[in-house]
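Have a look at the structure first, then read on.

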Amino acid sequence: MMREDWEECSLIEGCDIHDNLRKPINSKERNGRINGKTQDQLYPYYGATGQVGFIDNYLTNDDYVLIGEDAAPFLDYSKDVAYQIFGKTWVNNHAHILKSKFNNMFLLHYLNNFNYKDYVSGTTRLKLTQGRLKQIPIKIAPLPEQRAIVAKIEELFSDLDKGIADLKKAQGQLKIYRQAVLKKAFEGELTKEWREQQTDLPSADELLNKIKEERQKYYAHQLEDWKQAVKSWEGNGKEGKKPGKPKLFESLPDLTEDELNELATLPMGWSWFKNESFLFEVKDGTHDTPKYQEDGTPFITQKNIKNNSVSFSDVKYISDTDHKKFFQRSNVQKGDIIIAMIGHGRGSSCIVDTDRIFSIKNVGLFKFFNSIHNNQYCLHYYQSTLGLNLALKKSKGGAQPFIGLTE
């Protein structure tokens with residue numbers, strides 16, 4: 001509801017439209033015109049949402065409000081569609097040039113708060129024609145009140161900008177603090193007092209022996225399953241390929257003295273082990289690039305590891321047949337850890353927190369003996385600078401660096 005001392009008029013009644021002052025120049029011509037010229041010989045060149053370059057001349061020399069004619073975010077209410085320009089400038093044909101008959105700043109804030117739903121046309125590229133622009137209704141407050149409104153908006157926006165800057169600073173400090181906490185955790189500092197109060201703590205070597213025992217049990221179970229599969233294969237007249245015999249895990253060589261010298265000193269009872277010695281299984285996903293389709297099994301790559309979870313918001317799909325073909329390298333289960341192996345986000349990791357079935361590529365897969373492992377502990381280690389830097393140090397490649405499965 002509008003105040004009694006306010007008036008409403010159409011935009012064409014409340015401001016002048018100076019679209020005759022705009023002129024498009026393509027980037028090739030502009031680059032030719034500015035080549036070899038110094039910055040003080042150039043003028044800002046504006047488009048639908050802001051400055052898009054420079055040019056060697058100007059067509060306007062005043063204070064104006066610009067609003068996009070096309071390609072502006074008219075229906076995205078978190079973004080501005082209008083902005084101000086001052087002094088000597090050049091505007092192309094993707095923005096309307098306006099000058100309020102009362103107060104440019106009041107007009108600017110009003111246009112950035114207006115609902116354009118009934119005034120724009122088109123689907124993928126919305127357009128605000130000059131005809132529809134002229135019909136936009138504008139609320140006009142008395143001039144002193146316009147100035148007061150603008151001053152209050154600017155004050156609150158300034159506080160908001162300061163709050164955003166403070167928040168970004170705090171977020172940066174939180175990241176530093178988080179890494180400091182993780183560093184102390186994996187150097188034993190966080191649990192030093194707790195350890196001193198314990199009288200019968202098992203050592204890391206004892207844990208490794210338990211892992212070896214679990215491997216033997218798992219292998220014995222696999223062997224029995226294989227024997228039964230071979231009997232069934234023989235009973236069916238040896239039709240198809242003979243089931244492959246499971247492989248016994250081969251112990252990895254211990255870390256050398258030189259390797260240990262490069263690593264952090266650990267508390268008594270802790271030890272350094274290679275990743276695969278500590279985990280149940282370490283592997284990567286398929287090396288193939290399957291044919292994508294509209295639905296089916298999600299195909300997760302390194303870009304889908306976001307915000308400490310698996311993101312399905314921008315995922316591609318493969319056939320269930322292809323997924324079955326990749327199963328041995330992609331049998332991801334809830335509780336596993338996956339880690340990006342390629343690109344600038346390599347090393348990003350998360351615990352799989354869904355029962356949803358998916359295939360993986362360019363992603364490392366870490367599996368655990370759940371009865372004797374703590375996957376959250378492992379995740380914190382992989383996300384610490386200590387663990388992450390060791391992984392990144394093993395990277396290969398140039399423009400598209402990657403961490404190989406062996407590494």
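**The sheet and its cysteines**

In this predicted model, four strands form an open sheet in the order S11-S19-S16-S17, and their pairing is antiparallel. Strands S11 (281–284) and S17 (349–351) sit at the edges with a single partner strand each, so one side of each has no neighbour in the sheet. Going from one strand to the next, the twist averages 20 degrees.

**Inside the sheet**

- S16, covering residues 337–340, pairs with S17 over 3 bridges in the antiparallel sense.
- Across from Ile-338 you'll find Cys-350, which belongs to S17.

**The helix on the sheet**

- Helix H12 (residues 375–383) packs on the sheet and touches S16, S17 and strand S19 (363–367).
- The direction of H12 makes about 170 degrees with that of S17.

**Cysteines**

- How many disulfides does a search of the whole structure find? The search comes back with 0.
- Cys-378 is in no disulfide either; its nearest cysteine sulfur is that of Cys-350, 14 Å away.
- Are Cys-15 and Cys-378 buried or exposed? Cys-15 is buried, at a relative accessible area of 1%, and Cys-378 is buried too, at 4%.

Key
Residues are numbered from 1 along each chain as its sequence is written. This is a predicted model: local features need pLDDT of at least 70, side-chain atom pairs count only at pLDDT 80 or more; totals for chains, interfaces and linings use all residues. Side-chain values use heavy atoms; hydrogens and water are left out. A disulfide is a pair of cysteine sulfur atoms within 2.5 Å. Buried means under 20% relative accessible area, exposed over 50%, partly exposed in between (1.4 Å probe, protein chains only). Two strands pair if DSSP finds at least two bridges between them. Helices (H or I, at least four residues) and strands (E, at least two) are DSSP runs, numbered from the N terminus. Axes are lines fitted to C-alpha atoms, for helices over the stretch in contact, and angles run from 0 to 180 degrees between N-to-C directions. Contact means heavy atoms within 4.5 Å.
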